[in-house]
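Dear colleague,

Please find below the structure that I am handing over to you, together with its sequence.

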Amino acid sequence: MTARAPHDAPALTGTMPAWRQHRYGDPDVVALEETRIPAPGPGEVLLRVRATALNNGDIRVLRGEPLLVRLAFGLRRPKQPVRGMDVAATVAGLGKGVTEFAVGDEIVVELPAGGGLAASAIAPVKRLVRRPAGLAPAVAAALPIAAGTAWQALDRARVAAGQRVLVIGASGGVGHFAVQLAALRGAEVWALSGEPNRELVESLGATRTFDYRRVQPGSAELPDGSFDAVIDIAGTAPLRALQRLVRDGGAVALVSGEGGRVLGPIGRLAAASARSLFSRRRLRPVAAVANRDILAELVALAEAGRIQPVIERTYAFGESAAALVHVAAGHTAGKVVVLAA
Ligand SMILES: NC(=O)c1ccc[n+]([C@@H]2O[C@H](COP(=O)([O-])OP(=O)(O)OC[C@H]3O[C@@H](n4cnc5c(N)ncnc54)[C@H](OP(=O)(O)O)[C@@H]3O)[C@@H](O)[C@H]2O)c1
């Protein structure tokens with residue numbers, strides 16, 4: 001009999017460890033529990049999780065804030081109690097009708113409802129992208145939401161070769177990919193980040209960097225009309241100041257926006273639409289979606305070394321609550337990834 005590789009196991013049954021929440025709140029609401037291994041339905045696969053990257057979006061669902069989040073995720077508690085949306089995994093079981101993938105295949109996937117902070121998870125086969133052997137699970141897991149959002153934000157602002165782009169919030173998960181992808185498109189990238197991360201952001205392709213605690217939209221260092229596009233990931237600058245940064249015909253992609261506890265950024269986004277109606281300097285909200293084609297391109301770029309996910313820290317699966325605390329603090333440089341046991 002040949003020895004079975006650790007990630008080449010047959011479909012799993014029984015129970016598994018999972019970090020679950022039964023109410024909304026801070027990271028201390030999650031607890032490690034034994035729960036039933038889910039069964040894949042038609043068109044789905046069972047995954048043995050190898051690495052899960054965390055996002056600011058996990059914290060929003062964890063807390064159920066803004067309250068609008070609860071309309072989609074569950075009014076009293078999240079319908080899916082396990083956080084973790086960006087997953088690298090091994091296919092461990094196939095639902096009915098799945099022929100495109102086989103047990104043992106290595107994949108990366110975005111799970112918009114969550115499920116990654118568990119030993120196993122379910123994913124629709126149509127979302128899976130193959131993970132090349134040269135790309136470690138932790139590195140692949142860093143890609144889907146953060147790099148996918150950066151990609152879609154650059155599209156929204158129509159960033160192209162030869163343009164000058166300002167990335168505001170350049171050191172975080174989305175921002176550090178926005179810098180790299182804009183540079184890859186041939187743009188000249190300027191960036192706002194915290195002082196300790198300026199060197200990192202420059203190493204990723206930004207030609208000029210500023211400390212966001214000293215320089216903001218409206219400061220003399222960022223003259224009005226001097227950018228073709230702005231990617232605003234921080235979400236704190238006044239819309240008027242952002243709009244002034246771009247030239248006539250330029251665009252600001254609004255990835256994030258601070259707002260109230262109930263509606264979150266909705267008010268800011270409505271104001272942005274109103275401001276753009278009769279202006280040639282457009283403020284364009286970004287609502288990134290899981291997109292398999294974009295993820296496949298990102299995986300290929302990462303494998304070729306043309307983009308480099310920065311992983312500030314990895315945590316063991318047993319330390320998942322601490323990983324959520326880290327991300328909730330809002331000061332991540334690059335990504336935080338939880339490795340499977
Ligand atoms: N629209 C969409 O579809 C979409 C999709 C994904 C994410 N998002 C949103 O995008 C935002 C970023 O997400 P993320 O996962 O990248 O977050 P993250 O990794 O937690 O971002 C943290 C980074 O942001 C920096 N930062 C904080 N405030 C800043 C400011 N005022 N100016 C410049 N940099 C600042 C921090 O630097 P310091 O440590 O120096 O403070 C830190 O490096 C979140 O609000 C998230 O909800 C939106």
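Predicted model: local features only at pLDDT ≥ 70, side-chain atom pairs only at ≥ 80, totals over all residues.

I begin with the ligand. There are 23 residues around the ligand, and those that come nearest are Ser171, Tyr212, Val286, Ala288 and Thr332. By class, this shell consists of nine nonpolar, 12 polar and two charged residues. Two helices, H1 (56-63) and H5 (173-184), each contribute at least two residues to the shell.

A backbone N or O atom of Val286 is 2.6 Å from a nitrogen atom of the ligand. An oxygen atom of the ligand lies 2.8 Å from a polar side-chain atom of Ser256, and the side chain of His331 has an N or O atom 2.8 Å from an oxygen atom of the ligand. On its own the ligand has 950 Å² of accessible area, of which the protein covers 83%.

Eight of its 11 residues are buried, so S3 is largely enclosed by the rest of the structure.

S3 is joined to the following strands:

- Strand S4 (residues 86-94) runs antiparallel to S3, with eight bridges between them; Ala53 stands opposite Asp86 in S4.
- Strand S6 (residues 120-124) is also antiparallel to S3, through five bridges; Leu47 faces Ala121 in S6 as its opposite residue.
- Strand S15 (residues 335-339) is joined to S3 by four bridges, again antiparallel; Thr52 has Val338 as its bridge partner in S15.

Yours sincerely

Technical notes. Residues numbered from 1 in each chain as written. Heavy atoms only, no water. Near = heavy atom within 4 Å. Polar contact = N/O pair within 3.5 Å; in protein donor to acceptor, adjacent residues only side chain to side chain. Areas by Shrake-Rupley, 256 points an atom, 1.4 Å probe, with all protein chains shown as cover. Nonpolar A, V, L, I, M, F, W, Y, C, P; charged D, E, K, R; others polar. Buried < 20%, exposed > 50% of the residue type's maximum accessible area, 1.4 Å probe, protein only. Pairing = 2+ DSSP bridges.
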